[in-house]
Amino acid sequence: MNDILKTTPDFSLDAAAGLLKEHYGLAGKLSPLASERDQNFKVESAEGTFILKIVNAAEPAVESDFQTALLAHIGTHAGDLPVPHIRPTLSGESLAFITSTHGAAHRLRLVSWVEGVPLAETGRSEAALESLGRMLGRLDAALKGFMHPGALRDLDWDIRTAARSAGRLSHVANAEDRALVERFLKRFATVAPRLSTLRAAVIHNDANDWNVLVDAANHDRISGLIDFGDALHTPVIAEMAIAAAYAGLDHADPIGATAAIIRGFHAEYPLLEEEVDLLFDLISMRLVTSVAISASRRVHAEDNPYLTISERPAWTLLRKLDRMNPRFATAILRKACGFEAVPGARAVIDWIETNRKSLAPLLEKPAATYPAALVPYADPAHPMTIASAAERPDEAQAIWEAYCRETGVELGIGPFAEERTVYAGEMFVSRFIEGARRTHHLGFDLFQAAGTRVFTPLAATVVSVEVERDPLGYGCLIALRHEPEGCPPFLSLWGHLAHEAVNRLKAGDRLEAGALVGEMGAPKENGGWAPHLHLQISTDTTLSATEILGVGEPRYLDVWTELFPDARTFAGIAKELFKRQGRSHEEIVKMRRDLLLPNLSISYDKPIKFVRGEGVWLIDDSGRAYLDCFNNVCHIGHAHPAVVEAMARQAATLNTNTRYLHDNIVAYAERLTATLPKELTVAGFVNSGSEANSLALRMMRAHTGRENAITLDWSYHGTTQELIDISPYKFRRKGGKGPKPHVHIAAVPDSYRAPSDWPIEEHGKRFAESVAEQIAVMKAKGEGPGFFLAESIPSVAGQVFLPEGYLKEVYRLVREAGGVCIADEVQVGFGRVGSHWWAFETQGVVPDIVTMGKPIGDGHPLAAVVTTREVTDSFNNGMEYFNTFGGNPVSCAVGLAVLDVIEGQDLRGNALAVGNYLMDAFRDMQKRYQAIGDVRGLGLFIGIELVTDRKTKAPATEFARAVSNGARCRGVLMGTEGPHDNVLKMRPPMIFSRRDADHLIAVLEETFAGVEKTLG
Ligand SMILES: Cc1ncc(COP(=O)(O)O)c(C=O)c1O
């Protein structure tokens, strides 16, 4: 103490003014400023305002030299920074040397005065804190590479020495306070060794809110930083830890304040993730250092208000930090710098999104197939919300069930990030922001009856199974860990389950995808809620189940969204559930009526508005997904990425017509003809199945010079007049005018309905006689057939599979009579039957012309005719064949992509395997349901014929319609076909999987059971 007194400068105002004149040639008004060790004067002169510092004689020269060199360096490299800048002495030195009347040697320094009010005295707005961060960032950037022997100091305020606080702990009187500090010290023991691996540099090291000045006229702008007395060489991140520790004092949201500072700093001086990851602990340790030093000084010396000024708020802040989860605080800070809240979070989110189609259903059936609606927890005034918040779960459940009964809803959804008033208890008070509550749901809720079983969408290891007994807690709670290939590990949390899982599962158990996790619990087991599953994902795998934050503050929703991403996709719910797109059904129906041809039909009494297709699924405007087992146009699945990509790439490059050369058309013709028998070598490209058949007829006419047609009964070949004329399905029904004279109709070779006395092996020949009869009719008139045209599996006629030998015999008859044979593969081609590329191949024949459409472009309007060289030569009669769109580069790119996928993924093999699986299941159903008269199919082209009596085979039209509608109600699309509309028709996409098949089988089983009950 005495030494300090002797060395502490004690100059009078006059003496100081004399020094100023002598060394700086300045005169002005001097006023003394408070200082702990030195003597400072404010100097107001004509040349500006300055601070004259007379340095304590006891201060080692190196320290004073260091500070001087530091300020001089900043002056050179960042002269515009609002820090004290050195005014040189008259002789041009940064320092002057003087001796006091006591004989003490002092150093003298004059620096510019920095204007502003201390940050401590202002509101510390977010903008001000960000501005502070920017200023410190610029300062530290300017100090990069600066070094001085004086910077290598031993200082208690150096973050690296923070563990010394342990030695001062005995001075902290209160045991709870000591325990608090010990907790931080314990954490620091693991952090300290990492400090030496971080970037180090000379930093200010004391940006406390008295050293930071704010523009008096604009409190959002930092106007200065003073007092470089604690500067030293240490980890750069300490600059942030210190600024944040002080900015957080008495701040309602200390982590938010820190986030603002580092956001600003990071913009000027990019921080590294490993630095931000330690920040929470370093902030805590700065506070620990502060309270420990204050406690020890209170013992050693008279209370110095300057030293203990931040003691009370420092303790308060330490207690606040102690209640926070450091992982969450760190996530907030990481996000403020633009890093992921948790490393790998985005990769998890992206992986789930990309692989969503391969996830196993979370409920008994895929969740998106249930008619679903939002549970009204977002509406605070809704009786269900009120009942839930008041812990009357049975009442809440009754309200929900009544709503479901009324509307047909089967699944309730509580979305991610929904603001809810149900979180009423103490446990929902924010630990981050004073006066704030946690209000936003971070899980994804699925509401069904208690006992509903839930299954894991992905293989998993059980992390924990526990029961949380707090009211409005989780009840039975399970955490699973998933480590799919190519994805960082993540957790899924399953809350509000029944307690049965506790005895069935234990940590370490392995669950395969689709394995049972648990059952939705009744209120007495699930924490007192209407039964539901709270499903949540955590990208932070270090959190325990109970640490995972189920409800969060809206302010940090962007952080929670990465830590706990929306589990919607994981649960298999479509995004369309949350926002309806476009016009209402009624409006569209009305506009169609006003604006479109009235004879366009709409499927189902209650029409469906689809807004998205994805693989085997079609998603309607309410987000409900339907399994598409009917639409054979999207052959390799809806919106197939390979097709979309090929189409987009070519459309963005060039689209022209066949009058210019292009690679695509020849490449496609080569690939397409390669799938066909060797005789069929020449391709023509058009835009629809109708156009393909029309072109085939032109070719036929050119080749035979004839008009006479033979087609099968109840067939359909296209929409132009000449095709309607040869389509009994059209000309025999409403609006039709019957057959024209040139049209000859042969019987449908339907083995199921063949006369019972025909031996099965003769069906082909016997049905072919009907064609022979038509040829005879023509012959009798001195005419002959131009062509025979048939689908290789008559579909419109009711998924009829031709009896063996039929086409062989028919083709022989037709060709003998001078006609050509045309195979319509518009519905059945492109490997749908699995065993072959083309359905005519199953009959061992080679047509003269093959027409193709629907599946050829996976939904893109493309169609083709492939024929022989012979027919082509006849067609090439001098008249140009031009088709504006036919064979354009975009369409051909699409066609190529479709072939690539069918071949590359062996979709024919898949069609056969899954088709056989389905057929087995349907034949099994036939044993149990009398209505199933016949099951027929090959690959993924299947029909189930329904009859009221298996003997008479009377068509069960009503039953078939009821099954088709029932399946639709259960989220599966199929059609009915045949003259009596009694054949269930299924043509699912070629990517149809075993899992899809199981879903279809389950729905059909349920539907048949239901229809049988109602129709008998
Ligand atoms: C067997 C058959 N051929 C031809 C067509 C006509 O094709 P598009 O509608 O593409 O003109 C259809 C259409 O349903 C069809 O089913």
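Leaving aside neighbours within four places in sequence, which residues is asparagine 526 in contact with? They are Gly473, Tyr474, Gly475, His496, Leu497, Gly521, Pro531 and His532, where contact means heavy atoms within 4.5 Å. This is a predicted model: local features need pLDDT of at least 70, side-chain atom pairs count only at pLDDT 80 or more, and totals for chains, interfaces and linings use all residues. Residues are numbered from 1 along each chain as its sequence is written, and side-chain values use heavy atoms, with hydrogens and water left out.

**Asparagine 526**
- Asparagine 526 sits in the loop between strand E20 (516-519) and strand E21 (533-538); strands are DSSP runs of at least two residues, and helices (H or I) of at least four, numbered from the N terminus.
- Asparagine 526 counts as buried because its relative accessibility is 0%; buried means under 20% relative accessible area (1.4 Å probe, protein chains only).

**Helix H6**
- Helix H6 covers residues 175-195.
- A bend of about 40° falls at alanine 189, and proline 193 follows within four residues; the bend is the angle between axes fitted to the seven residues ending there and the seven starting there.
- Buried residues of H6 include Asp177, Leu180 and Phe184.
- At the start of H6, a side-chain oxygen of asparagine 174 comes within 2.7 Å of the backbone nitrogen of glutamate 176.

**The sheet**
- An open sheet of 5 strands runs E1-E2-E3-E5-E4, with antiparallel pairing; two strands pair if DSSP finds at least two bridges between them.
- Its edge strands, E1 (28-33) and E4 (96-99), each pair on one side only.
- Strands E2 (residues 39-45) and E3 (residues 48-54) are joined by 7 bridges.
- Phenylalanine 41 stands opposite leucine 52 in E3.

Key
Expected span 1.5 Å × (residues − 1). Buried < 20%, exposed > 50% of the residue type's maximum accessible area, 1.4 Å probe, protein only. Polar contact = N/O pair within 3.5 Å; in protein donor to acceptor, adjacent residues only side chain to side chain.
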